[in-house]
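This report describes one protein chain, starting from a single residue and widening to the whole fold. Please keep the sequence and the structure in view while reading.

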Amino acid sequence: MLRPVPDTDGAPFWEYAAQGELRVQACAACGELRFPPRPCCPHCQSFESAWRAVSGRGRVWSYVVAHPPLLPDYAAQAPYNVVVVELDEAPRVRLVGNLVAGAGQPLGAFPPESVRIGARVRVVFHDGLPQWVPERP
């Protein structure tokens, strides 16, 4: 399976994820949350930043269901979903991942026909990667 290749700006995101924390880069000058991480704030042009913990709650903003043919390791798990999650704390911050039945469950374990735009989700972590599970009422 492919693993993230962190760059200088995004490395802290993956370090926190490996610890089971969801943090998003924030501008230290104006406080605006931003993702993907980058050196300069697109709102005030400050080069100062900090990493803020977020709740890990949000909603499915969009999704796609992948079907073969794919890379061999992924084809065995298809069909599976890839979701874009809009965070509650920052509607302009959207993270990509998979909606799973539970942390560490196979990608294809969540029925693709059950994915819904607007569904409430929360983050879980497995092997240093953020995943998303349905939020229970």
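This is a predicted model: local features need pLDDT of at least 70, side-chain atom pairs count only at pLDDT 80 or more; totals for chains, interfaces and linings use all residues.

The side chain of Asn81 comes to 2.7 Å from the backbone nitrogen of Leu99.

Leaving aside residues up to four places away in sequence, Asn81 touches Val64 and Val65, then Gly97, Asn98 and Leu99, and finally Phe110 and Val115.

Strand E5 covers residues 80–87 and strand E6 covers residues 94–97, and Ala90 is found in the loop between them. Although it belongs to a loop, Ala90 is buried, with a relative accessible area of 10%. The C-alpha atom of Ala90 is separated by 8.6 Å from that of Glu32, a residue 58 positions apart from it along the chain.

## Ser46, in the loop between strands E2 and E3

Ser46 occupies the loop that runs between strand E2 (33–34) and strand E3 (49–53), and at 12% relative accessibility this serine also counts as buried. A polar atom of the Ser46 side chain lies 3.0 Å from the backbone nitrogen of Glu48.

When residues up to four places away in sequence are not counted, Ser46 touches Cys27 and Ala29, together with Pro39, Cys40 and Cys41.

## The chain as a whole

The chain contains two helices and eight strands, which follow one another along the sequence in the pattern α-β-β-β-β-α-β-β-β-β. Its radius of gyration is 16 Å, close to the 14 Å that the globule rule gives for 137 residues, so the chain is as compact as a globular protein of that length. Along the principal axes, the C-alpha trace spans about 45 × 35 × 25 Å.

Of the 137 residues, 37% count as buried, and among contacts between residues at least 6 apart in sequence, 54% join residues at least 24 apart.

## Surface and charge

The chain exposes about 7600 Å², of which carbon and sulfur atoms supply 55%. There are 13 positive and 13 negative side chains, and the centres of these two sets lie 6 Å apart.

How values were computed
Residues are numbered from 1 along each chain as its sequence is written. Side-chain values use heavy atoms; hydrogens and water are left out. Helices (H or I, at least four residues) and strands (E, at least two) are DSSP runs, numbered from the N terminus. The radius of gyration is taken over C-alpha atoms; the globule rule is 2.2 Å times the number of residues to the power 0.38. Buried means under 20% relative accessible area, exposed over 50%, partly exposed in between (1.4 Å probe, protein chains only). Contact means heavy atoms within 4.5 Å. Accessible areas come from the Shrake-Rupley method with a 1.4 Å probe; for residues, only the protein chains shown count as cover. Lys and Arg count as positive and Asp and Glu as negative; His and the chain ends are not counted. The place of a charge is taken as NZ of Lys, CZ of Arg, CG of Asp or CD of Glu. A polar contact is a pair of N or O atoms within 3.5 Å; within protein, one must be able to donate a hydrogen and the other to accept it, and residues adjacent in sequence count only if both atoms are side-chain atoms.
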